[in-house]
Amino acid sequence: MQAAETTVDPSEVAKFEAMAAEWWDPAGKFKPLHMLNPCRLDYITRQIAAEFDRDLAAEAPFKGLRLLDIGCGGGLLSEPMARLGAEVVGADAAERNIPVARIHAEQSGLQIDYRHTTAEALAEAGEQFDVVLNMEVVEHVADPLAYLTACRALLKPGGLHLCSTINRNPKAFMMTILGAEYVMRWLPKGTHEYQKFITPDELCSLLEQAGLKLLDRSGFVFNPLTWDWSISSRDLSVNYVTAARKPA
């Protein structure tokens, strides 16, 4: 059988492999994600609950849902999804991330199927999911449309695709590259490449071309005074997220 084509960018994978051991250090190189995570989880859980008619106050509200966390890293999103009852597959193209994620899940008493693989390989194998989490990945791939098309193939009819990324404008450059990499030094220099950032209109067009129906787009907004994040329906100027459905 011919190997699946991949949109993985080896240079991008190398960046995250070099930081793999620090995934669960809230003061380490992934500090920005640890700070953002509660806001991401709020959006993700509300979108899944609304789409699949689940009560978040119930025990294991996502039981019966099969979920893929593509670009799972150390499992910052996979673990809370498993705690909510979902059957979780965590996939990452950076091989060194997987043992880090597996060990932390074991220590947390969670059953999560972590795999060193790609979206394209999973799609070729015929894997199907109710939900695909595609968070902070699309700005690191070589071919965003081909990658999103593979993500669509991984969804069951009526499945939910959640995708977040970074806008491309001067404000985003100032905050995510100059601010996070050069001033605060939260991330190594070169973690992000400005030309790979994607505007909301571009991402929505790519999702449509990939065969997904847009349901929502919202912004993740950082407040430097309160030092926390919130969700905005209007401010998509830096970090933002989309929800889309695969037609039934």
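**Notebook: the core and the overall build**

I began with the largest nonpolar core, which has 31 residues, and noted that Ile-44, Ile-48, Leu-67, Met-81, Leu-133 and Leu-162 touch the most other members. I keep in mind that I am reading a predicted model.

Next I looked up which elements give two or more residues to this core, and I found helix 2 (31-52), helix 3 (78-83) and helix 4 (97-107), together with strand 4 (129-135), strand 5 (155-166), strand 6 (213-223) and strand 8 (239-245). Helix 2 gives the most, with six residues.

I then followed Ile-48 and, leaving aside residues up to four places away in sequence, found that it touches Asp-53, Phe-62, Leu-65, Leu-67, Met-81, Val-131, Leu-160 and Leu-162. I also noted a second, separate core of 27 residues, which includes Ala-91, Val-132, Val-138 and Tyr-240.

Turning to the whole protein, I counted eight helices and eight strands in its secondary structure. Its radius of gyration is 17 Å, close to the 18 Å that the globule rule gives for 248 residues, so I wrote down that the protein is as compact as a globular protein of that length. Along the principal axes, the C-alpha atoms fill a box of roughly 45 × 45 × 35 Å.

I checked burial as well, and 52% of the 248 residues count as buried. Among contacts with a separation of 6 or more, 70% come from residues 24 or more positions apart.

Last, I looked at the charges: there are 24 positive and 33 negative side chains, and the centres of the two sets lie 3 Å apart.

Conventions. Residues are numbered from 1 along each chain as its sequence is written. This is a predicted model: local features need pLDDT of at least 70, side-chain atom pairs count only at pLDDT 80 or more; totals for chains, interfaces and linings use all residues. Side-chain values use heavy atoms; hydrogens and water are left out. Helices (H or I, at least four residues) and strands (E, at least two) are DSSP runs, numbered from the N terminus. The radius of gyration is taken over C-alpha atoms; the globule rule is 2.2 Å times the number of residues to the power 0.38. Buried means under 20% relative accessible area, exposed over 50%, partly exposed in between (1.4 Å probe, protein chains only). Contact means heavy atoms within 4.5 Å. Lys and Arg count as positive and Asp and Glu as negative; His and the chain ends are not counted. The place of a charge is taken as NZ of Lys, CZ of Arg, CG of Asp or CD of Glu. A nonpolar core is a set of buried Ala, Val, Leu, Ile, Met, Phe, Trp, Tyr and Cys residues joined through side-chain atoms within 4.5 Å.
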